[in-house]
Amino acid sequence: MDISSILQGGYQHPLSRSWQARRQLTKGMLMYPIFITDVPDANVEIKSLPGQRRWGVNRIEEFLAPLVKKGLSSVILFGVPVNAVKDGRGTLADDPNGPVILAIKKIRELFPSIYIACDVCLCEYTDHGHCGYLNADGTIHTEPSVARIAEVALNYAKAGAHCVAPSDMMDGRIKSIKRSLIDAGYGNRCTLMSYSAKFASALYGPFRDAAGSAPAFGDRKCYQLPPTAKGLARRAIQRDVGEGADIIMVKPALPYLDIIADAAELASDHPLACYQVSGEFATIHAGAAAGIYDLRTMAFESVESMLRAGATLVLTYFTPDFLDWLSE
Ligand SMILES: [Zn+2]
């Protein structure tokens, strides 16, 4: 046998196998998406997302304390108004008594070590369920949408968010948010993480159920990217880098590993996040329940493939599980 034919000597031991990774999964790379409702004592199961719940502000301590003990370092907040009346401008998004602002303050007070990111969008808060304002013909009215999203982001920063993460996909919102953070004195106090390449995916179903954000009519294909759009994704990533994003994100993750790899090349000096979305998480659970694979093995394989593609930060509902698994 030729010398160059033999590779197995290099990975014959568990430790030398672990060295084959360019990047090892650590607890600090995990950001946990959590749903906070406007029912202060809520603790409600989300049936489509195994093990996940909607929590009220009064339950945050019992929810997060055990996870913080296991090494939880960051969360991303999604507000879920279930009682309040939604309107056309998404007033509830940054209501001082709304779930997100209250949760930011509560988490800062209870768990000062936790890094708090906030998803910024209008779809959970508007009566039409779209991510921006609409013209009479149903198209997006870009400028006022961007202005409103920047206003919401700034209000989250003012409440104490360490990071604002616009997921709306309106053109120009990164520049507008960055400008308003800087002008209000938050330029050096708040990170801007852009959902840069967010695709119009079939994998968001369980999230829309969890967050109550399904559009009342139409779809989001005029602002989320077509799944085939590699070039458009590359342009969006480069645009957001140019507009001042501090972190670039690709969403969903597993079907878009090529886009993660593209982002790693195009934004090589930025942290790179990817979102293992609700449908990916639910699919992995469903496959494990059907006996196709072991849940833990598949969870690791999926997230480690994202790291291999170039991600340095993973938003995942598996975070509590990984905190256990990485402690063993
Ligand atoms: Zn949205």
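Is Arg59 buried, exposed or partly exposed? In this predicted model, Arg59 is partly exposed, because 19 other C-beta atoms lie within 10 Å, where a residue counts as buried if 20 or more other C-beta atoms lie within 10 Å of its own, as exposed if 12 or fewer do, and as partly exposed in between, with C-beta atoms placed from the backbone. Arg59 belongs to the loop between strand E3 (53-56) and helix H2 (60-70), where helices (H or I, at least four residues) and strands (E, at least two) are DSSP runs numbered from the N terminus. When residues up to four places away in sequence are not counted, Arg59 touches Asp41, Ala42 and Asn43, contact being defined by C-beta atoms, placed from the backbone, that lie within 7 Å. The C-alpha atoms of Arg59 and Tyr32, which are 27 residues apart along the chain, are separated by 17 Å.

Residues are numbered from 1 along each chain as its sequence is written. Because the model is predicted, local features need pLDDT of at least 70 and side-chain atom pairs count only at pLDDT 80 or more, while totals for chains, interfaces and linings use all residues.

The protein chain contains 11 helices and 10 strands. Its radius of gyration, taken over C-alpha atoms, is 20 Å, close to the 20 Å that the globule rule gives for 328 residues, so the chain is as compact as a globular protein of that length; the rule is 2.2 Å times the number of residues to the power 0.38. The C-alpha trace spans about 70 × 45 × 40 Å along its principal axes, and buried residues account for 46% of the 328 residues. Of the contacts between residues at least 6 apart in sequence, 74% join residues at least 24 apart.

Strand E9 (residues 272-276) is mostly covered, with 5 of its 5 residues buried. Both of its faces are covered, Leu272, Cys274 and Gln276 being buried on one side and Ala273 and Tyr275 on the other. Strand E8 (residues 247-251) pairs with E9 in the parallel sense over 3 bridges, pairing being assigned if DSSP finds at least two bridges between two strands, and Ile248 stands opposite Leu272 in E9. The β-α-β crossover from E8 through H8 to E9 is right-handed, that is, the path from the first strand over the helix to the second runs clockwise with the strands pointing away from the viewer. Strand E10 (residues 313-316) runs parallel to E9 and is joined to it by 4 bridges, with Thr316 in E10 as the bridge partner of Gln276.

Helix H8 (residues 257-266) packs against helix H10 (residues 295-309) at an angle of about 35°, with the axes 8 Å apart; the axes are lines fitted to C-alpha atoms, for helices over the stretch in contact, and angles run from 0 to 180 degrees between N-to-C directions. Leu257, Ile260, Ala261 and Ala264 in H8 meet Ser305, Met306 and Ala309 in H10.

The peptide bond from Lys251 to Pro252 is cis, with omega near -10°, and Pro252 is found in the loop between E8 and H8. Met169, in the loop between strand E6 (163-166) and helix H5 (173-183), has a positive phi of about 70° although it is not a glycine. Met169 is buried, because 24 other C-beta atoms lie within 10 Å.

Conventions: Two residues are in contact if their C-beta atoms, placed from the backbone, lie within 7 Å.
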